[in-house]
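Here is a friendly walk through one protein model and its ligand. Have the structure open beside you and follow along.

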Amino acid sequence: MLNKMLKDAVTIAIGGHIRPDGDCVGSCIGLYQYIKDNYKDKKADVYLEEIPDSFHFLKPADVIRHEIPADVTYDLFICLDCGDKGRLGFSAPLFDRAKRTFCIDHHISNKGFASDSYVVPDASSTCELVYQLLDEEKISPQTAEALYLGIVHDTGVFQYSCAEPSTFRMAAKLLEKGIDGPRIIQETFYEKTYAQNQILGRALLESILFMDKKCIATYITKKTMDFYGVVPKDLEGIVSQLRLTKGVEVAIFMYELEKNVYKVSLRSKENVDVCKVAGYFGGGGHKRAAGLTMAGTCYDVINNLSGQIEAQLDEV
Ligand code: AMP
Ligand code: MN
Ligand code: MN
């Protein structure tokens with residue numbers, strides 16, 4: 001399917017979701033490099049917001065564009081790891097103008113907004129889906145390390161329930177391309193700057209348990225972010241650490257986007273479908289990991305979410 005679409009197009013734009021994470025960057029860069037390696041007569045461009053510093057070891061990341069050209073129409077727009085058009089951000093006009101659009105994604109909330117879609121909600125990552133669509137033999141080490149990055153990040157280093165035997169088999173195939181797996185895990189997933197660790201500490205210190213200790217929540221204000229000199233992409237991983245709290249079913253992490261507007265991350269262990277909770281307030285994601293943006297004070301956010309979480313916990 002992908003092969004045919006690539007053959008039919010001369011110009012191809014690749015885009016992913018706002019505030020790109022490992023899976024988004026990995027799938028975009030992996031596919032871009034694959035096209036460069038195997039379709040030398042095609043022109044491909046990647047459009048993404050600023051990516052975390054630790055992802056710059058991926059050499060093709062240097063070509064990422066942060067602005068769209070005026071009046072350019074691509075033959076094909078490939079949308080990766082993005083569950084709805086609104087989350088494409090600044091590249092959405094290119095998507096609208098493209099002659100054909102194709103979305104590869106694993107968000108359960110994805111309703112199929114592109115002209116063609118390959119959406120598998122149970123897949124570990126978009127990188128796993130991209131891998132399935134590529135010809136194994138034609139994957140270069142550079143494509144392999146990008147795809148590996150995405151799998152590592154979306155499975156929490158092969159930890160979450162979305163990591164299936166097929167995920168491990170695919171990871172093994174990528175490692176056989178000669179990439180440095182341990183380094184990717186260490187330097188992009190675990191390693192944190194001093195400021196990132198400080199703000200993680202602060203978030204944990206100020207976290208509160210509620211709903212019979214089944215929920216944990218914490219928030220970071222813009223003022224605190226400025227104090228530690230961190231930006232949103234530095235806050236990755238805080239919600240996963242909260243989720244590890246013994247006895248907790250749902251973890252809520254939020255940071256201030258602007259006064260009384262919060263970006264919220266939700267994670268659950270077993271019983272709560274956080275995609276449903278997020279979906280109720282216009283967000284989305286996966287059963288065990290979802291996100292949304294909500295207006296109000298941080299207490300309003302917690303109160304609103306609590307109602308939805310409680311309803312699900314009552315059903316258990
Ligand atoms: P995050 O908490 O931002 O790490 O996101 C967790 C998961 O939910 C990721 O797969 C995101 O792509 C998805 N997600 C986050 N925010 C939203 C949103 N506002 N709408 C839809 N999906 C989201
Ligand atoms: Mn993502
Ligand atoms: Mn993903």
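## Who lines the ligand

Strand β11 supplies the largest share of the shell around ligand 1, with 4 residues. Sorted by class, that shell holds 3 nonpolar, 7 polar and 4 charged residues. Please keep in mind that you are looking at a predicted model.

Of the 14 residues around ligand 1, the ones that come nearest are Arg-87, His-107, Lys-263, Ser-265 and Arg-267.

## Polar contacts and cover

Now for the atoms themselves. His-107 places a polar side-chain atom 2.8 Å from an oxygen atom of ligand 1, and a polar side-chain atom of Lys-263 also lies 2.8 Å from an oxygen atom of the ligand. For His-286, an N or O atom in the side chain is 3.0 Å from an oxygen atom of ligand 1.

How much of ligand 1 does the protein cover? On its own, ligand 1 has 480 Å² of accessible area, and the protein covers 86% of it. The elements giving two or more residues to the shell are β9 (261–268), β10 (284–285) and β11 (289–295).

## The nonpolar cores

Turn next to the largest nonpolar core, which has 51 residues. Those with the most contacts inside this core are Ile-12, Ile-14, Leu-31, Ile-78, Tyr-148 and Leu-174. Helix α2, spanning residues 22–38, gives the most to the core, with 8 residues.

Another core, of 23 residues, lies apart from the largest one, and includes Ala-217, Tyr-262, Ala-290 and Ile-309.

Technical notes
Residues numbered from 1 in each chain as written. Chains lettered and ligands numbered in written order. Predicted model: local features only at pLDDT ≥ 70, side-chain atom pairs only at ≥ 80, totals over all residues. Heavy atoms only, no water. Near = heavy atom within 4 Å. Polar contact = N/O pair within 3.5 Å; in protein donor to acceptor, adjacent residues only side chain to side chain. Areas by Shrake-Rupley, 256 points an atom, 1.4 Å probe, with all protein chains shown as cover. Nonpolar A, V, L, I, M, F, W, Y, C, P; charged D, E, K, R; others polar. Core = buried A, V, L, I, M, F, W, Y, C linked by side-chain atoms within 4.5 Å. Buried < 20%, exposed > 50% of the residue type's maximum accessible area, 1.4 Å probe, protein only.
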